[in-house]
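Trainee: I would like to go through the terms used for this model and see how each label is reached.
Mentor: Then ask about them one at a time.

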Amino acid sequence: MTLNIRKLSDQAATLLPGLLLCFTIAGAAGFLSDHYGGPVMLFALLLGIAFHFLSQEGPCVQGIEFTARKLLRIGVALLGARVTLQQIQSLGIGPVLLVIFCVSATILFGWIIAKLLGRSRDFGLLTGGAVAICGASAALAISSALPQTREAERDTLFTVIAVTTLSTIAMISYPIVFGLFGFSDVGIGILLGATIHDVAQVVGAGYAVSDEAGDIATYVKLLRVAMLPIVVLILAFAYGYAAKKNGTAANSGKASFPWFAVAFAALLLVNSTGVIPPVVQEGLQVSSRWLLIAAISALGVKTSLRAMAALGPRHIGVIVAETVFLAAMALGITLFVLQI
């Protein structure tokens with residue numbers, strides 16, 4: 001018993017410097033976001049990149065790795081406290097079918113366009129899922145289900161930066177574009193919720209139009225978020241099956257069992273029953289947010305600007321093409337099928 005306690009104490013001491021670094025960066029990112037505006041995830045990334053040298057050697061390495069992998073998955077699991085089945089059902093069948101079709105088609109398009117542009121299948125699935133579902137959070141969750149390699153970490157960081165940037169641009173431009181088509185506030189809310197990548201930018205764009213548009217945009221966005229565990233489970237089991245079929249060892253970079261996605265779905269179901277007290281629900285949501293910000297900080301610390309610059313324009317082309325595809329498809333369906 002004493003040996004176990006001492007072992008745990010030694011492990012905690014080993015992780016502590018890296019944990020303190022990541023959460024300090026996360027706190028600084030939160031301060032900048034609260035006082036100067038802008039996406040907190042982007043601030044965390046940029047600040048983390050500035051401390052890349054600490055990921056190469058020294059006492060912070062193990063804590064950085066622990067935050068980027070273990071705490072990331074816990075944060076993703078706790079996202080389930082943000083969604084309920086009642087919110088999904090309140091949308092009606094039209095927006096539900098719209099979101100299901102758009103999410104599925106965008107991920108498939110990402111896989112295809114990545115191959116056409118000479119990028120990897122994993123990169124197409126990662127970016128397609130991030131664009132289709134919920135931006136940075138989806139990128140982090142999906143990357144956890146994909147093979148864990150150094151290239152995958154670099155691609156994940158690139159995806160987070162790209163979707164955050166494009167989401168901010170969309171927050172400003174999409175309400176104007178959709179308004180030019182003569183949509184009502186209901187139609188604009190559905191389109192904003194179905195096309196903008198990150199939740200915060202959806203909320204900002206929706207309520208900038210009207211309270212009604214903001215409410216509807218938020219609900220549609222939550223429906224996209226609710227598809228995250230389904231997509232992650234499918235990808236994780238697909239990669240796990242491929243690894244088993246090929247006789248690949250568990251530590252060779254193939255995805256492990258996605259317990260965090262199962263936990264996400266379970267928490268969503270429990271949250272839908274209303275048994276979780278509001279104060280606990282709020283605590284889970286805040287915990288999820290800070291764990292994800294810390295994880296993004298750790299990914300930033302682990303990535304060098306030289307590696308990012310080496311990716312080239314084809315990486316950017318993939319994610320821009322996916323963004324345009326999603327917006328065009330949602331616009332066409334809303335105009336000619338839903339006729340809202």
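**Labels and their cut-offs**

Mentor: S173 sits in helix α8 (residues 150-180); helices are DSSP runs of H or I with at least four residues, strands runs of E with at least two, numbered from the N terminus. This is a predicted model, where local features need pLDDT of at least 70, side-chain atom pairs count only at pLDDT 80 or more, and totals for chains, interfaces and linings use all residues. Residues are numbered from 1 along each chain as its sequence is written, and side-chain values use heavy atoms, with hydrogens and water left out.

Trainee: Why does S173 count as partly exposed?

Mentor: Buried means under 20% relative accessible area, exposed over 50%, and partly exposed in between (1.4 Å probe, protein chains only). S173 has 26% relative accessibility, so it counts as partly exposed.

Trainee: Why does L116 count as exposed?

Mentor: L116, in helix α5 (residues 93-116), counts as exposed because its relative accessibility is 67%.

Trainee: What makes the contact between α9 and α11?

Mentor: The axes of helix α9 (residues 185-195) and helix α11 (residues 211-226) come within 7 Å and cross at roughly 35 degrees; axes are lines fitted to C-alpha atoms over the stretch in contact, with angles from 0 to 180 degrees between N-to-C directions. Contact means heavy atoms within 4.5 Å, and the residues making it include G189 and G193 of α9 and A213 and A217 of α11.

Trainee: What share of the protein chain counts as buried?

Mentor: Of its 340 residues, 49% count as buried.
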